[in-house]
Amino acid sequence: MKLNTLLDCVENSQITINGSWRSLSVHRTVIFTGEGSITIGDNVQIKSGAVIYGGTDIGDDTIIGHNAVIEHDCQLGRGVFIGNGCTLRPETVVGNECTLGHLSVVEGCTTIGNGSLIHAQCHITKGVTIGNNVFIAPLFVGANDPVMQHRRCMVFGKFKPTGYRIGDNARIGISVSVLPGVSIGSNAVIGAGSLVTCDIPAGQVWMGSPASYRRDVPPEEYLID
Ligand SMILES: CC(C)(COP(=O)(O)OP(=O)(O)OC[C@H]1O[C@@H](n2cnc3c(N)ncnc32)[C@H](O)[C@@H]1OP(=O)(O)O)[C@@H](O)C(=O)NCCC(=O)NCCS
């Protein structure tokens, strides 16, 4: 696999800079690699040790932290913050003005809507849809394989991994776990430390392990876009 610096890639037309060079800050240790061209917007910062794979678009005003890895064909919107040590697996889409906290992992083929805030050390599995303005506190984990198959032992092959969905403006407390295929409705609130095992209707507070209904969220407490 070829590893390239920014200048190599620009010379070989593998990178298009959609802004002024003066506004761009790419540390000399950043590596660009893999197939496909990369687009970098205006006023982008990419910090030391980051690795960016081909096919990726980075929007204006976006910051990519130290040692972050952005794998192939990811789309980062405008004003995105990717924390230190994050990994975005292939085909992750991150909307405008989103934050992904330090050391978080997004396993790929996942879409995160505009304005969402995902705190540090979260693990978002493959094939997940997260809406706009969602708040996810630190240490969130989600599962997408109901039977925990191993690559070398696909005895349960008929069970397909299934992502989960989190609706617009939902809020999720610290250290919440979510099982495969569930859907969390818009404006729902999930209490800290909960295990979500079933669909959560919009606008309700659920908590506990397994999470159960606690009360409705008063509309005046909804997150405002
Ligand atoms: C769920 C939550 C929103 C509070 O809901 P609430 O309806 O206002 O709950 P209350 O504080 O009035 O507590 C009501 C009851 O639920 C219990 N409770 C509160 N939060 C709970 C939780 N996360 N899990 C289980 N039980 C919980 C309380 O102990 C209390 O029990 P009791 O009736 O036996 O005394 C809040 O407790 C919570 O978990 N917030 C998330 C905080 C967080 O993670 N922030 C992220 C910062 S980065």
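This briefing walks through the sheets, the core, the ligand shell and a few backbone details of the structure above. The model is predicted: local features need pLDDT of at least 70, side-chain atom pairs count only at pLDDT 80 or more, and totals for chains, interfaces and linings use all residues. Residues are numbered from 1 along each chain as its sequence is written. Helices (H or I, at least four residues) and strands (E, at least two) are DSSP runs, numbered from the N terminus.

- Strands β18 (residues 117-118) and β21 (residues 135-136) run parallel and are joined by 2 bridges, with Ile118 partnered by Ile136 in β21.
- Strand β27 (residues 189-190) pairs with β29 in the parallel sense over 2 bridges, and Ile190 stands opposite Trp206 in β29.
- The pairing of β29 with β30 is antiparallel and spans 4 bridges; here Trp206 has Tyr213 in β30 as its bridge partner.

- Strands β8 (residues 57-58) and β11 (residues 75-76) run parallel, joined by 2 bridges, and Ile58 has Leu76 in β11 as its bridge partner.
- Ile40 lies in strand β5 and counts as buried because it has 26 C-beta neighbours inside 10 Å. The cut-offs for this count are 20 or more other C-beta atoms within 10 Å for buried, 12 or fewer for exposed, and in between for partly exposed, with C-beta atoms placed from the backbone.
- Leaving aside neighbours within four places in sequence, Ile40 is in contact (C-beta atoms, placed from the backbone, within 7 Å) with Ile15, Ile17, Asn18, Leu24 and Ile58.
- The C-alpha atoms of Ile40 and Pro201 are separated by 39 Å, and these two residues are 161 residues apart along the chain.

**The nonpolar core**

- The largest nonpolar core has 51 residues, and Ile52 and Ile190 touch the most other members. Such a core is a set of buried Ala, Val, Leu, Ile, Met, Phe, Trp, Tyr and Cys residues joined through C-beta atoms within 7 Å.
- At least two residues of this core come from each of α1 (6-11), β5 (38-40), β7 (51-53), β14 (93-94) and β27.
- Setting aside neighbours within four places in sequence, the contacts of Ile190 are Ile172, Gly173, Val176, Ile184, Val196, Ile200, Trp206, Met207 and Ala211.

**Around the ligand**

- There are 13 residues around the ligand, and Ala137, Gly173, Ile174, Gly191 and Ala192 come nearest; a residue is near a molecule if its C-beta atom, placed from the backbone, lies within 6 Å of it.
- The elements giving two or more residues to this shell are β29 (204-207) and β30 (212-216).
- By type, the shell divides into 6 nonpolar, 5 polar and 2 charged residues. Ala, Val, Leu, Ile, Met, Phe, Trp, Tyr, Cys and Pro count as nonpolar, Asp, Glu, Lys and Arg as charged, and the others, Gly among them, as polar.

**The hairpin and the segment after it**

- β29 and β30 form a hairpin with 4 residues between them, and Gly208 in the turn has a positive phi of about 100°.
- Pro210 is found in the loop between β29 and β30, and a cis peptide bond with omega of about -5° joins Ser209 to Pro210.
- Val217 is in the segment after β30 and counts as partly exposed because it has 19 C-beta neighbours inside 10 Å.
- The C-alpha atoms of Val217 and Gly203 are separated by 5.3 Å, with the two residues 14 residues apart along the chain.

**Backbone points to check**

- Most residues other than glycine have a negative phi, and most peptide bonds are trans.
- Leu103, in the loop between β15 (99-100) and β16 (105-106), has a positive phi near 65°.
- Ser175, in the loop between β24 (171-172) and β25 (177-178), has a positive phi of about 60°.
- Leu103 counts as partly exposed because it has 18 C-beta neighbours inside 10 Å, and Ser175 counts as partly exposed because it has 15.

Notes: Pairing = 2+ DSSP bridges. Contact = placed C-beta atoms within 7 Å.
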